[in-house]
Amino acid sequence: MNTLNFLVIGKNQEILETLKRIIENNEGWKAEIENDETVCYDFIKDNQVDIVLLSSGLDEEFENDIKIFCTNLEKEVKVIDHYGGGSGLLKNEVYSLFPNLQP
């Protein structure tokens with residue numbers, strides 16, 4: 001895997017932009033951010049997404065629906081519930097899903 005592609009979904013634009021910056025500080029990690037849940041499904045279907053990162057402000061029904069949606073795709077898309085904790089926690093969450101990426 002040359003690039004790890006994230007879709008970061010949440011309601012707080014400032015937090016989304018911070019997460020994008022933190023993610024893209026890692027070599028080979030790319031992030032798109034989205035605060036409109038309705039477009040996320042098509043984005044995931046139409047683009048290479050390895051990780052959907054769920055941030056703050058989303059309702060529980062959407063979180064459950066997007067997890068089920070990702071599970072039922074032909075391509076493998078992992079989902080991380082991330083509600084803060086800093087860049088170290090985020091890296092640990094990613095490395096737990098992709099242990100082969102650990103430096």
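This is a predicted model: local features need pLDDT of at least 70, side-chain atom pairs count only at pLDDT 80 or more; totals for chains, interfaces and linings use all residues.

Reader: OK, how many helices and strands does the protein have?
Author: The protein has 4 helices and 4 strands. Starting at the N terminus, the order is β-α-β-α-β-α-β-α.

Reader: And what's the radius of gyration next to that of a compact globule?
Author: For 103 residues a compact globule would come out near 13 Å, and the protein has 13 Å, so the two agree. The C-alpha trace spans about 35 × 30 × 20 Å along its principal axes.

Reader: How much of it counts as buried?
Author: Of the 103 residues, 37% do.

Reader: Switching to charges: how many positive and negative ones are there?
Author: There are 9 positive and 20 negative charges, and their mean positions lie 6 Å apart.

Reader: Now helix α2. Which of its residues are buried?
Author: In α2, residues 37-46, the buried ones are Glu 37, Cys 40 and Ile 44. Looking down the axis of α2, they fall within an arc of 25°, so they line one face of the helix.

Reader: What do those buried residues pack against?
Author: They pack against β1 (4-9), β2 (29-34), β3 (51-54) and α3 (60-71).

Reader: Which exposed residues sit on the face of α2 turned away from the buried side?
Author: That face carries Thr 38 and Asp 46.

Technical notes: Residues are numbered from 1 along each chain as its sequence is written. Side-chain values use heavy atoms; hydrogens and water are left out. Helices (H or I, at least four residues) and strands (E, at least two) are DSSP runs, numbered from the N terminus. The radius of gyration is taken over C-alpha atoms; the globule rule is 2.2 Å times the number of residues to the power 0.38. Buried means under 20% relative accessible area, exposed over 50%, partly exposed in between (1.4 Å probe, protein chains only). Lys and Arg count as positive and Asp and Glu as negative; His and the chain ends are not counted. The place of a charge is taken as NZ of Lys, CZ of Arg, CG of Asp or CD of Glu. The arc is that of the directions from the helix axis to the C-beta atoms. Contact means heavy atoms within 4.5 Å.
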